[in-house]
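Thanks for coming. I'll walk through one structure this morning, piece by piece. Please have a look at it on the screen before I start.

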Amino acid sequence: MKWSKSYIYTLKEAPADAEIPSHKLLIRGGFMKKLAPGIFTYGNIGLRAIRKFENIIRDELNKRSAIEVLMPMVHPRELWEETGRWSQMGEGLLKFQNRNSQWFCLGATHEEAITDYVRNDVKSYRDLPKNIYQIQTKYRDEIRPRFGLMRGREFIMKDAYSFDADQAGALKTYDQMYDGYKAIFDRLGLNYRIVQADAGNIGGSQTHEFQLLAEAGEDSLLVSDTTDFAANIEVCPAIDAENHAASVQEPLKPLEKFATPNQRTIAELEKFTNVAAIDLVKTLFFSANEGFDPKNKDLMPFAVLLRGSDELNPIKVKNMLGMSNPPQMLTDDEVAQVAGANPGSCGPVDLEIPIYMDNGVVTLKNYIVGANEDGFHFMNVNHVRDFKATKVGDLRMAKAGDKCPLSNGRLKAFRGIEVGHVFYLGSKYSKMMNAQFLDAQGKAQPFEMGCYGIGVTRTVQAAIEQSHDADGIIWPKAIAPYLVHMCVLDPKDQSLMAVAEKFYDELSSQGIDVLMDDRDERPGVKFKDADLLGMPVRVVIGKRGLDSNEIEIVQRKTKAVTKIHPERFIGTVKEILALS
């Protein structure tokens with residue numbers, strides 16, 4: 001492609017709403033342009049990177065006998081009602097009526113659509129397994145779209161769905177797709193981790209995320225310093241690095257109420273009582289009513305107990321209670337209604353609601369909690385004697401320095417950008433949607449399903465977030481819009497252009513994509529744009545160089561400069577690209 005024939009318009013400055021480097025560079029380089037919040041037009045060079053990544057995905061999935069289809073972006077309400085997700089997906093699902101007053105939504109995900117597609121055709125175990133994928137536009141009505149394609153409303157995603165006759169077959173397919181994802185992300189040559197994760201609204205009993213490591217990542221990851229254990233902080237087990245337990249010999253002391261005027265926070269109570277936060281217990285209040293059933297308006301309150309130094313993990317609470325979404329915290333008025341006091345003065349003693357206790361509290365004795373009376377606390381509280389927990393489990397947020405679940409090592413913190421996610425769904429959707437096949441005995445059975453997503457546009461931006469410098473993008477070779485950026489310094493010189501055209505044609509004929517900057521611009525402008533756009537190799541062809549039988553080659557990643565004879569030009573470029 002010649003710049004003079006292209007549609008590339010670069011900017012010196014990024015717009016104010018571009019917050020992270022990758023977002024700024026995509027806008028400045030003309031790779032995309034905002035049409036509305038969270039919605040972008042992809043320019044030609046941006047689309048080239050997207051299509052190259054899509055082709056990597058297709059190549060690896062096709063090797064694993066996956067079948068590509070294309071499903072509609074617009075879905076009828078009835079399908080989503082079958083699974084209950086018409087209401088469970090909440091405001092993120094964009095719903096609308098057509099001219100006939102029929103309700104539809106824009107596809108945020110396609111479990112319902114693919115299950116409907118398969119249940120009408122696949123009737124026998126002899127037809128299984130099936131693994132079907134698409135690369136399609138999705139729409140999720142983010143309340144606050146930000147970070148460009150990282151948290152956009154409209155985006156391109158690869159989603160695949162597997163159908164097997166039994167769990168063993170489904171887990172075998174899961175492993176095949178897991179390996180396929182490793183192959184896909186290995187081909188990008190980027191730094192990524194595979195981590196244990198939460199299934200969220202999609203559901204399922206086994207799931208892993210593929211995370212590109214980057215400072216601007218929205219996800220917090222914890223990675224062992226001694227094993228290959230890695231997990232999203234949402235699901236990472238919280239295990240104290242050192243035992244923190246009350247002395248086994250310490251006797252249970254009598255329950256005693258004492259005044260704590262104006263002590264509403266753990267920090268205030270710690271200072272007031274001179275007791276470390278790790279030895280205090282805080283009580284948090286939530287509602288188990290997710291609001292999906294309009295006929296059920298009951299509050300359904302419950303309490304969670306944590307050590308004062310710990311942070312609640314709402315995903316773990318959600319999973320313990322089998323909820324679809326993390327629970328909503330009660331308002332101050334609702335807490336007062338349930339416990340008889342304002343937050344900060346509440347505790348588990350005499351509470352008549354379910355109480356869920358974190359493992360960290362189990363080892364404590366004679367601790368302090370709110371007395372359910374404003375301005376008062378109890379000391380010497382002990383579970384079992386003074387109250388009974390409905391259930392005990394891991395409900396706190398893990399943190400750097402905690403013990404690795406697989407060894408005596410410690411966890412280290414990283415930031416990550418989720419770019420891929422694999423789920424073993426089981427029969428969740430097939431049962432709800434009555435999607436069945438006949439087994440070898442002629443008995444109807446629900447399909448065992450898996451779900452596998454890759455954020456295509458998100459991965460392209462994530463690659464830039466991980467691979468850039470102060471001057472611009474450093475594209476991974478696998479998805480670079482062009483492999484070679486040719487800067488012609490004297491485009492009005494016909495003899496010089498003839499040489500540039502010759503090299504351009506030779507590289508192109510050997511499958512090497514070339515962007516030729518043939519603009520009548522100063523060399524400095526061309527070099528700055530070349531750095532900004534970030535193609536792996538920059539070639540400089542100028543009159544002074546050719547007169548000296550030299551062509552300059554610059555590697556974008558290392559900025560290494562090589563000056564070679566024109567006769568060695570093609571071979572040298574191919575050699576650099578093979579190694580870069």
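Proline 129 sits in the loop between α5, residues 111-119, and β7, residues 130-139. The peptide bond that joins leucine 128 to proline 129 is cis, with omega at about 5°. Keep in mind throughout that this is a predicted model.

Serine 65 is in the loop between α2 and β3, the latter being residues 67-68. Its phi is positive, about 65°, although serine 65 is not a glycine. Is serine 65 buried or exposed? Serine 65 has a relative accessible area of 59%, and since the cut-off for exposed is over 50%, it counts as exposed.

The other position is asparagine 549, in the loop between α15, residues 543-547, and β30, residues 551-555. Here too the residue is something other than glycine, and phi is positive, near 55°. Asparagine 549 has a relative accessible area of 42%, and that makes it partly exposed.

Now the whole chain. How many helices and strands does the protein chain have? The count is 16 helices and 31 strands. There are 580 residues in the protein chain, and 51% of them count as buried. Along the principal axes, the C-alpha atoms fill a box of roughly 95 × 65 × 50 Å. If you take the contacts with a separation of 6 or more, 69% of them are between residues 24 or more positions apart.

Next, helix packing, with α2 as the element to follow. Two packed helices are described by the angle between their axes and the distance between the axes. Helix α2 covers residues 44-63, and helix α12 covers residues 456-466. Their axes are 10 Å apart and the packing angle is about 115°. That makes α2 roughly perpendicular to α12. The crossing of α2 past α12 is right-handed. Which residues meet there? From α2 they are Ala49, Ile50, Phe53, Glu54 and Ile57, and from α12 they are Val456, Thr457, Thr459 and Val460.

Staying with α12 for a moment: 10 of its 11 residues are buried, so α12 is largely enclosed by the rest of the structure. The buried residues in α12 include Arg458, Gln461 and Glu465. Val456, Thr457, Thr459 and Val460, which meet α2, are also among the buried residues of α12.

Helix α2 also packs with helix α6, residues 167-188. For this pair the angle is about 145° and the axes are 9 Å apart. This crossing of α2 and α6 is right-handed as well. On the α2 side, the contact is made by Phe53, Ile56, Ile57, Asp59, Glu60, Leu61 and Lys63. On the α6 side, it is made by Met177, Gly180, Ala183, Ile184, Phe185, Arg187 and Leu188. Phe53 and Ile57 of α2 take part here, and they take part in the contact with α12 too.

Not counting residues up to four places away in sequence, threonine 173 touches Asn131, Ser162, Asp164 and Tyr452. Its C-alpha atom is 22 Å from that of methionine 71, which is 102 residues away along the chain.

Lysine 33 has 58% relative accessibility and counts as exposed. Leaving aside neighbours within four places in sequence, lysine 33 is in contact with Ile27, Ile39, Phe40 and Thr41. Between the C-alpha atoms of lysine 33 and proline 405 the separation is 45 Å, and along the chain they are 372 residues apart.

Last, helix α13, residues 494-509. It has 16 residues and reaches 22 Å from its first C-alpha to its last, close to the 22 Å expected at 1.5 Å a residue. Where do its buried residues lie? These are Leu496, Met497, Ala500, Phe503, Tyr504 and Leu507. Seen down the axis of α13, they fall within an arc of 125°, so they line one face of the helix. An α-helix has 3.6 residues a turn, so residues three or four places apart point the same way. On the other side of α13, Gln494, Ser495 and Ser509 are exposed. Just after α13 comes glycine 511, with a positive phi of about 80°.

That's what I have; questions are welcome.

Note on methods: Residues are numbered from 1 along each chain as its sequence is written. This is a predicted model: local features need pLDDT of at least 70, side-chain atom pairs count only at pLDDT 80 or more; totals for chains, interfaces and linings use all residues. Side-chain values use heavy atoms; hydrogens and water are left out. Helices (H or I, at least four residues) and strands (E, at least two) are DSSP runs, numbered from the N terminus. The expected span of a helix is 1.5 Å times one less than its number of residues. Buried means under 20% relative accessible area, exposed over 50%, partly exposed in between (1.4 Å probe, protein chains only). The arc is that of the directions from the helix axis to the C-beta atoms. Axes are lines fitted to C-alpha atoms, for helices over the stretch in contact, and angles run from 0 to 180 degrees between N-to-C directions. Angles under 35 degrees count as roughly parallel, over 145 as roughly antiparallel, 65 to 115 as roughly perpendicular and the rest as oblique. A crossing is left-handed if the near helix is turned anticlockwise from the far one by less than a right angle, and right-handed if clockwise. Contact means heavy atoms within 4.5 Å.
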